[in-house]
Amino acid sequence: MLPAAAVRLEAAGCLTALGDAVSTHSRLLRGERALSLSPVLGAEGGEAVPLALAGGRGLDETAPPNWLAQLKSLADTIPADDWGSPHRPVFVTSSNFGVGSLYAFRRTGEQAHLRYGTPSLCVDWLARELGWGSNVTTLSHACVSAHLGLLLATRTLHAGLAPRALVFTFDFISPFVTGGFHALKILNSGFPAPYADRPTGSIGLGDGAGFAVLSRERGDFTIAAQSVYNEMHHFTANRADGAGFAACLGPVKTAAVERKLWLKGHGTGTLEAGRLESSALTATFPGAPLVSWKGSLGHTLGSCGVVELALAVESIRAGRAPGTVGSAAPCFSPAVALESFSTADCDGVVCASNAFGGAHAAFLLTHD
Amino acid sequence: MIERYLQALSLADPGDEDPAVTRDRLRERFPKGATRRMTQLGLLVGAALDDLKPRADDAIVYATGYGESRALEAYLDSFPGASPTLFQTSIHPSAVQQAMITRQHAVGEFFPMTGRGNLVAQAIQTALLSPAPRVLVCGGEERGTWLLENGVASARTFALAFALSAEPAGALARIALQPVEANPEEISLEAFFDVLARREPLNRIVGQGARLTLDWS
């Protein structure tokens with residue numbers, strides 16, 4: 001596909017189990033792991049699996065959802081504007097929205113949970129709580145959802161439909177999603193070790209939310225290229241030849257010529273995807289260090305693209321990127337950075353994410 | 001104003017047809033053995049997309065408010081022994097992925113969208129902003145059971161798909177969006193399906209303040 005035209009990044013922020021972007025970045029630099037072993041079905045028990053919940057909240061859904069206060073505190077840091085008005089569009093992305101409320105309803109029968117259970121009910125409720133107007137577009141493409149929000153917001157700006165756009169993303173885990181990944185056997189009692197060449201793979205799951213304010217003119221950072229690709233090969237596996245990774249990274253490589261890069265990969269901790277991803281990234285961007293932060297934060301699902309964008313911005317501002325917390329040698333590629341490193345010599349970072357169905361997304365972030 | 005031409009259209013309105021009947025009826029439209037685990041919405045959207053003969057350089061925009069309601073119901077009822085298959089099948093973009101994966105048909109852009117009264121306008125705007133030479137817009141709903149009884153699933157099963165391109169020759173219709181300063185009216189996906197089925201023209205302020213026009217040839 002053609003790379004989207006560049007767009008300015010005016011502001012970005014995030015929320016993880018390690019706090020806001022500044023706190024999360026600094027705690028990742030210290031090698032902290034947010035994940036801890038918790039029962040997979042919350043109050044109903046089950047195997048202890050690595051989960052990272054934000055702000056000490058419980059996994060079991062409440063009515064209203066117990067993550068609202070945290071989303072509001074994140075929203076308070078968004079540059080003020082008439083968000084959701086005709087020329088200030090909001091693009092909301094998530095994989096799960098409030099579906100944990102449907103799980104809670106089915107287990108308890110409490111009707112109050114139904115008010116948040118569908119994507120539109122959840123987003124309408126959030127828009128009211130956060131004071132947005134009705135110009136809210138909602139996208140849901142599993143773990144590349146946030147990337148699609150960035151891409152569509154960029155196109156909206158370039159079409160002259162708005163000078164500024166907000167991409168807002170969130171995914172708070174619940175037994176609905178922990179139970180699903182546990183059933184797939186990739187969420188188990190092991191902690192994730194992204195890109196590590198070991199006998200058994202595993203992921204962790206974590207809460208995540210983030211925002212990005214895109215502008216045609218303002219901002220020290222630039223999203224210089226964006227790319228998406230959908231293999232449609234298998235629901236939970238990639239093509240064995242890695243062609244899907246290469247197809248997505250190709251347009252980003254073209255835009256990154258002559259840049260000195262570092263790479264923020266998807267790196268959940270699954271083996272085959274980790275092997276294919278690290279191989280494709282290393283082949284496309286030889287010599288660039290590769291990190292994943294999901295060994296600490298867990299996989300924040302549909303929010304990960306913007307959560308990790310905010311952490312990449314913080315890394316560039318601070319001049320140091322956290323290493324691949326939770327992983328250890330041997331790794332699939334010598335490019336995997338296990339320790340933190342200076343970003344001073346780099347003038348760009350490629351951020352990549354993957355999702356069910358062999359979906360791929362990537363962008364190039366540069367700094368003036 | 002941004003505009004495209006509607007080059008092909010496929011609609012499915014199966015009424016209260018049982019999902020098993022839909023599966024039998026559409027079995028020949030998919031590779032052998034592929035329909036066993038497909039949802040009713042996946043079957044209907046997949047058949048509608050197939051009518052448009054998808055190409056590798058197409059972009060796909062998918063609109064649904066509720067998605068895979070039956071799979072979601074069954075997944076929720078599978079706890080505490082959660083079903084991995086139903087978990088995968090219940091995710092939002094599943095209907096299109098079911099169809100495209102059975103055919104091993106890769107695509108570049110795929111925008112799965114959701115919403116209510118502004119969903120149609122937003123999906124069309126997303127399609128019109130795509131640089132792809134042809135954009136396949138598809139969508140639909142499937143009738144729920146216990147989720148419907150609780151007001152959180154569609155009461156009607158339907159699917160739609162149409163192809164948009166910049167080529168006017170042979171077009172069935174012209175579709176355009178023009179930003180305007182006026183109060184919008186909502187239009188549901190179901191109402192838009194009926195507009196397409198009746199080949200009615202459309203000229204109304206929708207979404208976040210844009211005039212949506214649909215003029216049939």
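Q: How many bridges join strand β1 of chain A to β9(A), and do they run parallel or antiparallel?
A: Eight bridges join β1 (residues 7-16) to β9(A), and the two run antiparallel. Strands here are DSSP runs of E, at least two residues, numbered from the N terminus. Two strands pair if DSSP finds at least two bridges between them.

Q: Which residue is the bridge partner of G13(A) in β9(A)?
A: F211(A).

Q: What about strand β7 of chain A: how many bridges join it to β9(A)?
A: Eight, again antiparallel, from β7 (residues 164-171). There, L166(A) stands opposite V213(A) of β9(A).

Q: Is β9(A) buried or exposed?
A: Seven of its eight residues (208-215) are buried, so the strand is largely enclosed by the rest of the structure. Buried means 20 or more other C-beta atoms, placed from the backbone, within 10 Å of the residue's own; exposed means 12 or fewer, partly exposed in between.

Q: What kind of model is this, and how is it numbered?
A: It is a predicted model: local features need pLDDT of at least 70, side-chain atom pairs count only at pLDDT 80 or more, and totals for chains, interfaces and linings use all residues. Residues are numbered from 1 along each chain as its sequence is written, with chains lettered from A and ligands numbered from 1 in the order in which they are written.

Q: Switching to chain B, how many helices and strands are there?
A: Eight helices and eight strands. Helices are DSSP runs of H or I, at least four residues.

Q: What does the C-alpha trace of chain B span?
A: About 50 × 35 × 30 Å along its principal axes.

Q: How much of chain B is buried?
A: Buried residues make up 55% of its 217 residues.
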